[in-house]
Amino acid sequence: MRTRIKSAPTPSGEDERRLRELADRAAIRRTLRRYAQGVDQRQWDLYRSAFAPGAAVAIPGWIATPVTAEHFIELLSGEFDEIRFSGQHHLANTLVEFGSTNARDEAPDTARSVTEFLAVNTERVSDQATAHRVRTQYSGGLQVDDLVRHGDAWLIRHRVLVRKNDEQHIDVRTPEQIALIAGAARNPASAGL
Amino acid sequence: MTFTLAELADRAEIEDALHAYAQAQDQEAWHLFERVFSDDAVIELLGLPIPPLGATEMRGFLQEFNRTRVSGQHLITNTLIEIDGDRARSVSEVFHLTLQTTERAGVLKRSRGGSLYADEWARTEAGWRITRRVVTQKHLDEAEVEYPTALLTTITAGACIDWFTVDLHQVDLSAGSQQEGAGA
């Protein structure tokens, strides 16, 4: 279309529908961020608050059979947490498509969201507490989520993590450099949000 | 600053269009590209030896780049928007990471960089559209990197799926299933 200016919309009966959609989108973004903050700060109650009962998580190329959100905690935190220093998920570009409804003024109860993520994780190379070799992993991909309305919230019912890139490097850190990130593995700053 | 409902809706629509641009090229979902530019838009890629492009030319430019692409990400952040009636201006940071094939099996060209998108917008009958974009590259790091066959198989398989419509229960999860932790 060519650039044709039209007048700004005036307040109308559309307001309620627009407000509901904006609120739904904000609730979905909040759920996605709760997952990331929960995983990165190891605040598992926050992580759990992002999922609907019975939710499934899958990662093609790593987890061949979808697992429950609770089982996914074990896969993420088990042996990794013995050597883990920190994790950080950057989320971007979320697009949301709401499920269809029978009437224009009816609120949708389902949605699909597609979000880019870039994760940066650091860990000791060995389980020796005195070891100073640190592995930094950069991995990126998509979080593809089917969400359901759950009261005032939107919760993940099915998540597939799609891998796009994954690289890591190892370097030697000084004790001071290790001390700098020592408090990042578990951080209650995000608890309860 | 307090926003009205109409302003919140405008800002959400502009951010959606920014994300549609990135998702169009990163997921090869070119129908999303139609949500981004006006037909008479002008896109300037500063530092590249090419003249300003129109929207259709820009899509062709990206599609040509994607011919050798294995995967791509353009993470758009820090967007600031200023709306003035039916016109708007925005700036966004973008961090991009793409993998492309090389002539050597298992070796990929990785491009990692950052840019600034400076956009001018107009409210059209189809919604907010970019009328002018200026892309300023900020940093760029290119290297050849080795990828294990199983991971490459997984990435390639994932790039062939329409993630906006696929039934998540039907996704084939078997490719490269013996790989190590995915940093999820």
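What percentage of the 184 residues of chain B count as buried? Please start from chain B, then turn to the side of chain A that touches chain B and to the residues of chain A with a positive phi.

Analyst: Of the 184 residues in chain B, 33% count as buried; a residue is buried if 20 or more other C-beta atoms lie within 10 Å of its own, exposed if 12 or fewer, and partly exposed in between, with C-beta atoms placed from the backbone. This is a predicted model, in which local features need pLDDT of at least 70 and side-chain atom pairs count only at pLDDT 80 or more, whereas totals for chains, interfaces and linings use all residues. Residues are numbered from 1 along each chain as its sequence is written, and chains are lettered from A and ligands numbered from 1 in the order in which they are written.

The model has an ipTM of 0.90 and a pTM of 0.91. For chain B, the mean pLDDT (the predictor's confidence in each residue, from 0 to 100) is 93, and 93% of the residues reach 70 or more.

Chain B contains three helices and five strands, arranged along the sequence as α-β-α-β-β-β-β-α. Helices (H or I, at least four residues) and strands (E, at least two) are DSSP runs, numbered from the N terminus. The C-alpha atoms of chain B occupy a box of roughly 55 × 45 × 30 Å along the principal axes. Among contacts in chain B with a separation of 6 or more, 56% join residues 24 or more positions apart; two residues are in contact if their C-beta atoms, placed from the backbone, lie within 7 Å.

Between the chains, 49 residues of chain A are in contact with 49 residues of chain B. On the chain A side, helix 1, strand 1 (51-59), strand 2 (63-68), strand 3, strand 4 (110-124), strand 5 (133-150) and strand 6 (153-172) each supply at least two residues. The largest share, nine residues, comes from strand 6 of chain A. By type, this side of chain A divides into 23 nonpolar residues (Ala, Val, Leu, Ile, Met, Phe, Trp, Tyr, Cys and Pro), 14 charged (Asp, Glu, Lys and Arg) and 12 polar (the others, Gly among them).

Two residues of chain A remain. Most residues other than glycine have a negative phi. A:R42, in the loop between helix 1 (15-40) and helix 2 (44-48) of chain A, has a positive phi near 55 degrees. A:N93, in strand 3 (residues 84-98) of chain A, has a positive phi near 65 degrees. A:R42 counts as buried because 21 other C-beta atoms lie within 10 Å, and A:N93 because 25 do.
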